[in-house]
Amino acid sequence: AEWSVPEMVMGTKPPAREGHAAAIVGRFLIVNGGWNEHGRLLDTYVLDTESMVWETLDTSLNQAGGVEVDRARCTVFSNDG
């Protein structure tokens, strides 16, 4: 297999980050949390790998009773079969 760069990716791309969780579920790549030079990230982005369009998910559910839920450096597993 060889790495390639898609010709065109639409939508709002996630900012650069590290320590995030990522998973492939069906045709969707999901990226959640982590941190960058500005601090901790509590956002979630989804890339539809067929249409090559990024979407931002509503992350208000990432808060439990007004307390931020940290998901940096976690492991994500999907058994999509």
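**Figure 1. Order of the elements along the chain.** From the N terminus on, the elements run β-β-β-β-β-β-β-β-β, and the chain holds zero helices and nine strands. Helices (H or I, at least four residues) and strands (E, at least two) are DSSP runs that are numbered from the N terminus. The model is a predicted one, in which local features need pLDDT of at least 70 and side-chain atom pairs count only at pLDDT 80 or more, whereas totals for chains, interfaces and linings use all residues. Residues are numbered from 1 along each chain as its sequence is written, and side-chain values use heavy atoms, with hydrogens and water left out. Of the 81 residues in the chain, 25% are buried, where buried means under 20% relative accessible area, exposed means over 50%, and partly exposed lies in between (1.4 Å probe, protein chains only).

**Figure 2. Close-up of the salt bridge between Arg17 and Asp43.** The structure holds three salt bridges, a salt bridge being a side-chain nitrogen of Lys or Arg within 4 Å of a carboxyl oxygen of Asp or Glu. In one of them Arg17 pairs with Asp43, and the closest N and O atoms are 2.7 Å apart. Because Arg17 lies in the loop between strand E1 (10–11) and strand E2 (21–25), and Asp43 in the loop between strand E5 (39–40) and strand E6 (44–48), the pair ties together parts that are 26 residues apart in sequence. Both Arg17 and Asp43 are buried.

**Figure 3. Close-up of the network formed by Arg27, Asp48 and Glu50.** These three residues, Arg27, Asp48 and Glu50, are linked in a network of salt bridges. The side chains of Arg27 and Asp48 meet at 2.7 Å, N to O, and this pair links distant parts of the chain, with Arg27 in the loop between E2 and strand E3 (28–32) and Asp48 in strand E6, 21 residues apart. The side chains of Glu50 and Arg27 meet in a salt bridge at 3.8 Å, N to O, and here Glu50 lies in the loop between E6 and strand E7 (53–57), 23 residues apart from Arg27 in the loop between E2 and E3.

**Figure 4. Close-up of Asn32 and its contact with the backbone of Asp43.** Asn32 has its place in strand E3 and is buried, with a relative accessible area of 11%. A polar atom of the Asn32 side chain lies 3.2 Å from the backbone oxygen of Asp43. Asp43 is also the salt-bridge partner of Arg17.

**Figure 5. Close-up of the ring pair Tyr45 and Trp54.** The count of aromatic pairs comes to one. The rings of Tyr45 and Trp54 have their centres 6.4 Å apart and their planes at 80 degrees, so the pair is edge-to-face. Under the rule used here, rings of Phe, Tyr and Trp (its six-membered ring) pair if their centres lie within 6.5 Å, and planes under 30 degrees apart count as stacked, over 60 as edge-to-face and the rest as tilted. Tyr45 counts as buried at 9% relative accessibility, and Trp54 is buried as well, with a relative accessible area of 12%.

**Figure 6. Close-up of the largest pocket and of Met52 in its lining.** About 160 Å³ of space lies in the largest pocket, which is lined by Glu2, Trp3, Ser4, Pro6 and Met52. A pocket is an open set of points on a 1 Å grid over the protein atoms alone, where a 1.4 Å probe fits, with protein on both sides within 12 Å along at least five of seven lines, and lining residues have an atom within 4 Å of a point. By class, the lining has three nonpolar, one polar and one charged residues. Met52 has its place in the loop between E6 and E7, and its phi is near 55 degrees, a positive value in a residue other than glycine.

Figure 7. Thr49 is found in the loop between E6 and E7 and is partly exposed, with a relative accessible area of 35%. The C-alpha atoms of Thr49 and Val9 are separated by 9.4 Å, although these residues are 40 residues apart along the chain. Gly33 is found in the loop between E3 and strand E4 (35–36) and counts as buried at 2% relative accessibility.

Note on methods: Points joined across faces, edges and corners; volume = space filled by probe spheres on them. Nonpolar A, V, L, I, M, F, W, Y, C, P; charged D, E, K, R; others polar. Polar contact = N/O pair within 3.5 Å; in protein donor to acceptor, adjacent residues only side chain to side chain.
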